[in-house]
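Subject: Structure for your review

Hello,

Here is the structure we spoke about, with the sequence. My notes on the domains and on one helix pair follow it.

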Amino acid sequence: MYKILAKENIAPNVDKYIIAAPDVAAKAEPGQFVVLRLHERGERIPISISNWNRAAGTITLIVQTVGHTTEQLGAMGVGDTILDLLGPLGKPALIEPMGTVACVAGGVATAIIYPEARKHKEMGNRVLTLVGARSREYLFYQEELAAISDRVLVATDDGSYGSKGFVTELLQQVIDDGIHLDQVIAIGPIPMMQAVAELTKRYDIKTVVSLNPIMLDGTGMCGACRVRVGDEIKFCCTDGPEFDGHLVDFASLMRRSRLYEKSGTKAHTPYQQKDGKGCDGQCQ
Ligand SMILES: Cc1cc2nc3c(=O)[nH]c(=O)nc-3n(C[C@H](O)[C@H](O)[C@H](O)COP(=O)(O)OP(=O)(O)OC[C@H]3O[C@@H](n4cnc5c(N)ncnc54)[C@H](O)[C@@H]3O)c2cc1C
Ligand code: FES
């Protein structure tokens, strides 16, 4: 059992949880995730480890409410417990001294980019952090990112904070300013990562993306998370989640996640209709 020690709403439908998980905190590295199951009848869902405190034995998860399980989690509070929390899973991000790095995040993925940007800074790299969000109220971790970045640039869809437009436009601006980038890391919705990869390919800038396909077991057993990377089929949970953005087949990744969208929505509908509080897993 993993106890929720603190919970804070940090953006619309986005909550930050500090969870007692000493076994996970002891080994967590940037780029890794956990698979959690709230109760015995619950679905397993993958969530990235956004931060950790090895001494305190805690991890931080930032979770956006999108469907059945994230709503159930959203209804939990301090003192409640999560039944299973498996991790850290996935390969840690490959972070070494390399020069100037642009960390590009879209939406809730700001939570995932943060530990990566921090480790790049620790490695002595120059860190440019580029964040895109729907509007000002969806931004979070701004102080934390400012503390570990050489520069933070923000774009909002409605122009309520930073530049008006998409985060890819910020990246184009950095490139147009003549800043040499040794690596770009892009984490966010599939179309955003694809757009970043297409842009950087034109300039031959090494680009890493962190994929979030359907996952079931998270340990390489079921094949649900398979993705095409170059000529190979990879399992995102054990081979990734980070891959060379110039080799990822984004079209098939998008097709597979749309299939899931339908079944996710089906699972979600009865849950919402019942009583608005959840069905304790009965309706899955
Ligand atoms: C490696 C990895 C790391 C992740 N890290 C985080 C994180 O740090 N914070 C966070 O909030 N989410 C993260 N996600 C996404 C998270 O796992 C899903 O949002 C969650 O599984 C949805 O479960 P649900 O039961 O609430 O929604 P469901 O009822 O299963 O689905 C509802 C809707 O949510 C959308 N959805 C479901 N799964 C995904 C997904 N994997 N990616 C995008 N959209 C999805 C679909 O549109 C679907 O229709 C991560 C996913 C992966 C694979
Ligand atoms: S989630 Fe089952 S193989 Fe990756």
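Two residues are taken to be in contact if their C-beta atoms, placed from the backbone, lie within 7 Å. Please keep in mind that this is a predicted model.

Domains

The protein is split into domain 1, residues 2-89, and domain 2, residues 100-210. Taken over C-alpha atoms, the centres of domain 1 and domain 2 are 24 Å apart. Contact between them involves 11 residues of domain 1 and 11 residues of domain 2. On the side of domain 1 that touches domain 2, the elements that give two or more residues are strand 1 (2-11) and strand 6 (58-64). That side of domain 1 consists, by class, of six nonpolar and five polar residues, with no charged residues.

Helix pair

Two packed helices are described by the angle between their axes and the distance between the axes. For helix 5 (residues 167-176) and helix 6 (residues 190-202), the angle is about 20 degrees and the axes are 10 Å apart. Angles under 35 degrees count as roughly parallel, and helix 5 and helix 6 are therefore roughly parallel to each other. The crossing of helix 5 past helix 6 is right-handed. Helix 5 makes the contact through Val167, Thr168, Leu171 and Gln172, and helix 6 through Met192, Ala195, Val196 and Leu199. By class, this contact of helix 5 with helix 6 has six nonpolar residues and two polar ones, and no charged residues.

Regards

Terms used:
Residues are numbered from 1 along each chain as its sequence is written. Chains are lettered from A and ligands numbered from 1 in the order in which they are written. This is a predicted model: local features need pLDDT of at least 70, side-chain atom pairs count only at pLDDT 80 or more; totals for chains, interfaces and linings use all residues. Axes are lines fitted to C-alpha atoms, for helices over the stretch in contact, and angles run from 0 to 180 degrees between N-to-C directions. Helices (H or I, at least four residues) and strands (E, at least two) are DSSP runs, numbered from the N terminus. Angles under 35 degrees count as roughly parallel, over 145 as roughly antiparallel, 65 to 115 as roughly perpendicular and the rest as oblique. A crossing is left-handed if the near helix is turned anticlockwise from the far one by less than a right angle, and right-handed if clockwise. Ala, Val, Leu, Ile, Met, Phe, Trp, Tyr, Cys and Pro count as nonpolar, Asp, Glu, Lys and Arg as charged, and the others, Gly among them, as polar. Domain bounds come from an automatic or database domain assignment.
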